[in-house]
Amino acid sequence: MTTHDHVLDVKNFSVNYGFGPSSVRAVTDVSFTLGTSRVLGVAGESGSGKSTLVYGLTRLLRAPGVITGGDVTFYVPEGDAARPFDVLAASEQDLRTIRWSHISIVLQSALSALNPLRRIGREFDEVLRTHEKAMSKSQRAQRSVELLELVGLDADRLDRFPHELSGGQRQRVMIAMALALTPELVIMDEPTTALDVVTQREIVSELYELRKKLGFAMIFITHDLSLLVELADEIMVMYAGHIVERAPAVELYRSPRHPYTLGLMNSFPPLHGERHEMTGIPGSPPDLKALPTGCPFHPRCPNAMDICRQQVPPLSSIDESSRLVACWLHEPSVGATVPVELSKKSGSSAGVGQ
Amino acid sequence: MSDVTRGDILLEARDLSRHFQVRGESGFFSKKRTVRAVDDVNLSLRAGRVLAVVGESGSGKSVLARMLSRIVAPTSGELILNGQTVDLTHRRTLEYARQVQLVLQDPFAAINPVRKVVHAIERPLLIHGTPKGDVLTRAHDVLESVSLTPPQQYLERYPHELSGGQLQRINIARGLSVNPRILLADEPISMLDVSVRLGVLNLLRTLCDDRHLAMMYITHDIASARYIADETVVMYAGQIVERARGTSLIDAPMHPYTQLLVASVPNPESLASRHESTASTPGTIGFNYDGCRFSPRCPQAMDICHRNQPPVVELGDEHSSRCWLPASDEQRAAVTITTKNSTPVGSETS
């Protein structure tokens, strides 16, 4: 299928850390499709495999990380059609033609991503010189200024060193660099986690505007579910390397189906309404070296049943066709009674945590 | 501990300031410049109450906590512990350290990674003179009080074997082991996984209630401050810009900076207003020391804001804001007169 409305197709993707019996499974059987100009949010706690997933997808994963299976197809636009590009089978040389010009990535720590001994301008120049060989020096300089203006920074920042910029400015530089070659897909790995809320708000608004203007697709990773609800079209919630729920952003927020998603939402105290005691999720995040049998969430799940302890629930669609959830509660063959908080109609306006 | 009743002031800071000398912007030989990390902060920590200090990075909130625990010496100001002025010219006494305990942000860095957990808990007990025979029982008690049960299972482990949430509980337990009266928690949940944050927050609240601890909860997350605090103060550039009891600070913010903070929190409930650009202009690293420090970023800044330090305006119900907007005509007039006499308000600090 070479449809032009997809940028990325991922099927049964799995990643291990290490080999043999001591290996740890970090990402298990992940499949998704990302449409052109769409924003996919990936939510999960540390250790849920969300970063490993995108490093794997872009082949940036370092040893001992091993991709153990799956297919990753990126669609390279060529005129009106699209050429499928098998990311996992590609050679390093072929990957270089894709990276940055078609897929770019913004990392969490901008300070460690930028060379502290180089002025910002030189970083831009290097990217453009490597990938746009036809550009002259003055064209490159002009393009760098354009890019900075795109993210709301003055041209004089090009002469600065990374340490002379504030955290928000550095992250803006990273975003500008990621957009330098107008990629079709930008991956954001917790780009705002190290920033304070005011700066986070500004950067998120800016990303929203930029995406509207430039039309790139985005994979946005964060642990902050409420941020994703604002930014993403679709949200994927990960737990212990598994996708536990996938749904359109607003529907996920209005009517979570997986107990973990609900628990995550209830872990953020609300900004409005009466103060009342909240519980979060009991227990600790899972140890990937010693995952429980069955559903990895069952030791912390308030709704755990016998079957949850024995078998891993499949990711399957439920009532609404666009939604997927991996939970035995919603499996018709099990015949469990779904608790009312996990079966809300998505149309209802009742917010969570109110 | 039982001699303390709820609401008593245990630790008070009066006009506490800390200034740092830093190199000027134009290079190594340029004139030194003073950064006022904390400037004239007044606050009191009360038994059984949680005071939340909210601010972005660089607002001086951590320096404030370190001054209260006397790790950092104040440039000026007074500390009053249990009604008695603390002698700031001498080193911190062991008794002061026992009564005022600091819990740090990163539990992975705060606990010695090459020693077992028992070592981390035992050390403060031994330093503060617990008899050797009682140490282990105390260690067990204190771990139980932070819900790490059975304690034996945790004491014999190494820090890397525990999760972030468990480590932070041990970090809190260590602070509690010497029976402090005041607990200063510096961003205790920001390094933790989202799903365990509330557990630690609830634990802090329970400890505060049960043991009549006076607690300072430092955070950049205004929603968690609203969840836990009895009183909230907002810091900006070293000053307290707004303070209020209960939830009223967040429910009805008066200072433009607090309003900006509240508006910036991701809030899926108001999807309609999403992605409206906020009024602030980022990138101003320096602050305006003559006028209001927030004035360069303030969407409602007036002339007077750039020239004169705003007064602390009482808004009733223990709610106050350091801002010219709600200031009365007399307060404004006072400044106009002093400006004419060319001695601006706040000149003693500039």
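1. Which residues in H4(B) meet which residues in H7(B)? Val117(B), Ala120(B), Ile121(B) and Pro124(B) in H4(B) meet Ile170(B), Ala173(B) and Arg174(B) in H7(B), contact being counted where C-beta atoms, placed from the backbone, lie within 7 Å. The residues of this contact divide into six nonpolar, no polar and one charged, where Ala, Val, Leu, Ile, Met, Phe, Trp, Tyr, Cys and Pro count as nonpolar, Asp, Glu, Lys and Arg as charged, and the others, Gly among them, as polar.

2. This is a predicted model, in which local features need pLDDT of at least 70 and side-chain atom pairs count only at pLDDT 80 or more, while totals for chains, interfaces and linings use all residues. Residues are numbered from 1 along each chain as its sequence is written, and chains are lettered from A and ligands numbered from 1 in the order in which they are written.

3. Helix H4 (residues 117–127) of chain B packs against helix H7 (residues 164–176) of chain B at about 20 degrees, with axes 8 Å apart, and the two are therefore roughly parallel (angles under 35 degrees). Helices here are DSSP runs (H or I, at least four residues), numbered from the N terminus, and axes are lines fitted to C-alpha atoms over the stretch in contact, with angles from 0 to 180 degrees between N-to-C directions.

4. In chain A, helix H6 (residues 167–178) and helix H7 (residues 197–214) pack at an angle of about 20 degrees, with their axes 10 Å apart, which makes H6(A) roughly parallel to H7(A). The residues of their contact divide into one nonpolar, four polar and two charged.

Methods
Parallel < 35°, antiparallel > 145°, perpendicular 65-115°, else oblique. Contact = placed C-beta atoms within 7 Å.
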